[in-house]
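Please read the following briefing alongside the sequence and the coordinates.

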Amino acid sequence: MTTTKAVRVSLLPDAVRRGAFAEASRFRGEFYECLTARRDELFELVDAVLCADGAVKSPVDLTLLHEHRRGYGAMYGGLNHGRIDVDRLQAVLAGLPLPRFEGGRLVLAVDVSPWLRSDAPCSAERLFCHVYGRAKTASQFIPGWPYSFVAALEPGATSWTAILDTVRLGPSDDATAVTATQLRGVVERLIAAGQWQAGDPAIVIVSDAGYDVTRLAWVLGDLPVEMVGRVRSDRVMRLPKPPRMHGANGRPPKHGPEFRLTKPDTWPEPAITTVTDTRNYGKAETQAWDRVHPRLTHRSSWLDHDGELPLVEGTLIRLKVEHLSKDRDAPPVWLWSSRTGVTADDVDRFWQAFLRRFAKQTLGWATPKLRTPEAADRWTWLLIVAHTQLRLARPLAADLRRPWEKPATSNRLTPARVRRGFRNIRAHLACPTRVPKPRGVGPGRPPGTKNKHRAPRYDVGKTVKRPETLKAIGKPGRSW
């Protein structure tokens, strides 16, 4: 194993290694400055996560590693009472080198991942999170904390992503409004960091069917972004309105004929058709229709919209992938892009970016049994920092593979393999933490006494209801 490590590392130029060490050390120093309370403990907790063997099953086990020089009480104090300057950390993450697609294009993905806490009635601000089961009809709703993540995707068959931001959805939050604010903040920070400049290709943002992609495209229309989102297969869209005939009377129509996704007889001839043979998914067939839009009504995220509802046109894409899932007869996937007048290359780029958004990595994110949502937020940001350090250490890692694993070059290592050798890399990185001071053992609760402070219980679900409904505003179909 030592020989393999020496061979792998020696293949890299010294300039590349020195640059990687400098970038990783600089990020560690900037992260340390983002910690405003219990900074030494939180910094060493991240190092313990990176140097632990195998999956993180409990944060208290991390205190047994020699990278964590403080006691388990300091660990609990850091998670419960530590403070992180999130705004500064977000700016630091936006300024790091990011993966790009062809032409230097940035591709972002937004998705919600639930931290399930079904057995925690003393934890506040829990919501019912949708969870898929093993069978098609086995989905259910389980109490937990939903987190919205934004990450920069990397092209190719890889599991690496660059996580840029996370927001926990609260009981009084509107998911679409929170996501729009989150995406706007990420894009503005990328522009401020010089990641996008005038003349660069637009930033592509991909999302799943749980998002109102039309609303996001309208709200973010002033930014250099292109939205690509999955739409439900039972949606009814609208084609462009037909040209007005000379001499026609009456009010001109606003929408064209219906485009029912479940009825092929309502589909016109597609503007673009592509067939691509992929290595991971087999044959992928796409059909695209230009200037397709939904017929908006006063519901969901458009309740607060003033004036006439807009007409948001885009490109509708039907994707049929041979090996998208284990089910060979899986239905096609419908995508909608906010861009019109696309080419065949644009269509292929959209669906390839969407398929890439399913790659996620965690370092025992949902394993701790934390009580407060504030502690969960701190732990989430610590793991984002840990994952970022793994990404920066990719050029420095050796292939410490198991005997049953295939060899891999340094640029093909997975996050799990990079983590195996991070303890050796850490010895050469900057470590700004101070030496712990001995404080002795705390008195704790006197023997024989019980805890008389009963923890409060919290209900699960939304706490704010919309004051307006569809009936209070007007009849469906007459919103304009």
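Val178 is found in helix 7 (residues 175-192), where helices (H or I, at least four residues) and strands (E, at least two) are DSSP runs numbered from the N terminus. This is a predicted model, in which local features need pLDDT of at least 70 and side-chain atom pairs count only at pLDDT 80 or more, while totals for chains, interfaces and linings use all residues. Residues are numbered from 1 along each chain as its sequence is written, and side-chain values use heavy atoms, with hydrogens and water left out.

**Residues in helices**

- Val178 has a relative accessible area of 18% and is therefore buried, given that buried means under 20% relative accessible area, exposed over 50% and partly exposed in between (1.4 Å probe, protein chains only).
- Leaving aside neighbours within four places in sequence, Val178 is in contact with Val167, Leu169 and Asp173, contact being defined as heavy atoms within 4.5 Å.
- From C-alpha to C-alpha, Val178 and Arg168 are 9.3 Å apart in space, and they are 10 residues apart in sequence.
- Thr214 has its place in helix 8 (residues 213-219), and it is buried, with a relative accessible area of 5%.
- Not counting residues up to four places away in sequence, Thr214 touches Pro294, Leu296, Trp302, Val312 and Trp336.
- Tyr72, which is found in helix 5 (residues 72-81), is exposed, with a relative accessible area of 57%.
- Once neighbours within four places in sequence are left aside, Tyr72 is in contact with Val60 and Thr63; the C-alpha atoms of Tyr72 and Val60 are separated by 6.1 Å, with the two residues 12 apart along the chain.

**Backbone angles**

- Most residues other than glycine have a negative phi, and most peptide bonds are trans.
- Glu125 has a positive phi, near 60 degrees, in a residue other than glycine; Glu125 lies in the loop between strand 3 (107-116) and strand 4 (127-131) and counts as partly exposed at 31% relative accessibility.
- Arg291 has a phi near 60 degrees, again a positive value in a residue other than glycine; Arg291 lies in strand 12 (residues 282-294) and, at 40% relative accessibility, counts as partly exposed.

**Cysteines**

- A search of the whole structure finds 0 disulfides, a disulfide being a pair of cysteine sulfur atoms within 2.5 Å.
- Cys51 is in no disulfide, and the nearest cysteine sulfur, that of Cys431, is 9.9 Å away.
- Cys51 counts as buried at 3% relative accessibility, and Cys34 is also buried, with a relative accessible area of 0%.

**The second largest pocket**

- About 530 Å³ of space lies in the second largest pocket, where a volume is the space filled by probe spheres set on grid points that are joined across faces, edges and corners.
- On a 1 Å grid over the protein atoms alone, with a 1.4 Å probe, a pocket is an open set of points with protein on both sides within 12 Å along at least five of seven lines, and lining residues have an atom within 4 Å of a point.
- The second largest pocket is lined by 21 residues, of which Phe101, Pro155, Gly156, Gln352 and Ala353 lie nearest its centre.
- Helix 9 (residues 344-356) supplies the largest share of this lining, 9 residues.

**The whole protein**

- The protein has 13 helices and 14 strands, and buried residues make up 48% of its 480 residues.
- Among contacts between residues at least 6 apart in sequence, 68% join residues at least 24 apart.
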